[in-house]
Amino acid sequence: MTATLGPRIMSGSCCYNQSTQPLHRFFRYKPGQKHFLMQSSRSFITNLLFNKRNIDELQNGTRKRLRPGKLSPRRPVPEHILKPPYIGSKKAPGIASGPEVHDEKGIEYMRASGRLAAQVLQYAGTLVRPGITTDEIDQEVHQMIIDNGAYPSPLGYGGFPKSVCTSVNECICHGIPDSRELEDGDIINIDVTGYHGDTSATYFCGNVEDKAKNLVQVTKESLDKAISVCAPGVEFNTIGKVINAHADRHRYGVVQTFVGHGVGRVFHSDPVILHYRNNERGRMVLNQTFTIEPMLTMGSIHPIIWDDDWTVVTEDGSLSAQFEHTLLITENGAEILTQC
Ligand code: MF3
Ligand code: CO
Ligand code: CO
């Protein structure tokens, strides 16, 4: 979904929460304009602390701020591949109401698309090295997905121009593959969705500083911990509790604006999965599929969206990492569908 549509929820990597939900307000960044952030005094103090650490990080480091590169022409999808209904519309579909709960056949489909997404992500990860452009990664991902008869879900979703999201360094999510070459020391999240298994991981490019490695490691652990508590009857807010506690322990921030989501027949559906501490109601049910996709930051958790209406970066330029899996709730817990 695009940032111009006003307040709403965007899923994890893809949804932002919006006006119907008072907790999550999204403000589009306009240079020179003041921004009013609704937050409790407690979170205000926390943010001041984060900002302090962040400034240090930016001053000591030599890393340049991320800038947009050039986009290559749109990649074609062969006729025989089934296209999702949102293609052609500039408006992102938003979050469909109703959970994704599957019968046996549906579970089989979900396992197949999850496995494919995982294989594509694994392959994309092997491409990460200094000098490769994110557009080249997009080319490879696009090709592998269509070679397997699937549609690369991001392509044409709310006008998203490419087949995968590549989010480098301070990019929280929804980075658009372009002509920028990866540099030694970068971290990059690659988010693959093939109709509609949704998964992402953050990779190291060359020699990465220990503090960036630690952020990535803790983000991965927070996802693993959240997955381990999932089972039928468990409250969704347990996920946010577990992730936020782990992030707190390491003094990292948890991005609130972007959330996990139901996934299956549609790309983004109920429930909205909050990665931070919350008291929302709702419990997991057997045979339900959804994503968990925490984004942890070294500094500010507040996002800025670029003029391309997609790229989300931290307001202070501090690093952000993300991992995502698509899960199936089983009798005993959760099965990770996006696994090779
Ligand atoms: N894969 C993202 C998610 O986790 C969604 C990306 S939407 C796109 O939900 F249009 F940016 F690709
Ligand atoms: Co997702
Ligand atoms: Co994703």
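Begin by selecting H268, which sits in the loop between β8 (258-262) and β9 (269-273); helices (H or I, at least four residues) and strands (E, at least two) are DSSP runs numbered from the N terminus. The model is predicted, so local features need pLDDT of at least 70 and side-chain atom pairs count only at pLDDT 80 or more, while totals for chains, interfaces and linings use all residues. Residues are numbered from 1 along each chain as its sequence is written, and chains are lettered from A and ligands numbered from 1 in the order in which they are written.

H268 is buried because it has 28 C-beta neighbours inside 10 Å. A residue is buried if 20 or more other C-beta atoms lie within 10 Å of its own, exposed if 12 or fewer, and partly exposed in between, with C-beta atoms placed from the backbone.

The unreviewed UniProt entry annotates H174 and H268 as "binding site"; UniProt positions are given in the numbering used here, feature names are shortened, and annotations may be inferred rather than shown by experiment. H174 occupies the loop between β4 (171-173) and β5 (187-194) and is buried, since 28 other C-beta atoms lie within 10 Å.

The peptide bond leading from D270 to P271 is cis, with omega near -5°.

Two asparagines come next. N169, in the loop between β3 (165-168) and β4, has a positive phi near 50° without being a glycine. N169 counts as buried because of its 24 C-beta neighbours inside 10 Å. N287, in the loop between β9 and β10, likewise is not a glycine and has a positive phi of about 70°. With 18 other C-beta atoms within 10 Å, however, N287 is partly exposed.

Now select helix α2, residues 104-126. The 23 residues of α2 reach 33 Å from first C-alpha to last, close to the 33 Å expected at 1.5 Å a residue; the expected span is 1.5 Å times one less than the number of residues. Buried residues of α2 include M110, G114, A117 and L121. The buried residues pack against α3 (134-147), β5, β6 (197-204), β10 (289-292) and β15 (325-329).

Finally, show the whole chain, which has 5 helices and 16 strands. Of its 340 residues, 48% count as buried. Among contacts (C-beta atoms, placed from the backbone, within 7 Å) between residues at least 6 apart in sequence, 73% join residues at least 24 apart.

Terms used: Two residues are in contact if their C-beta atoms, placed from the backbone, lie within 7 Å.
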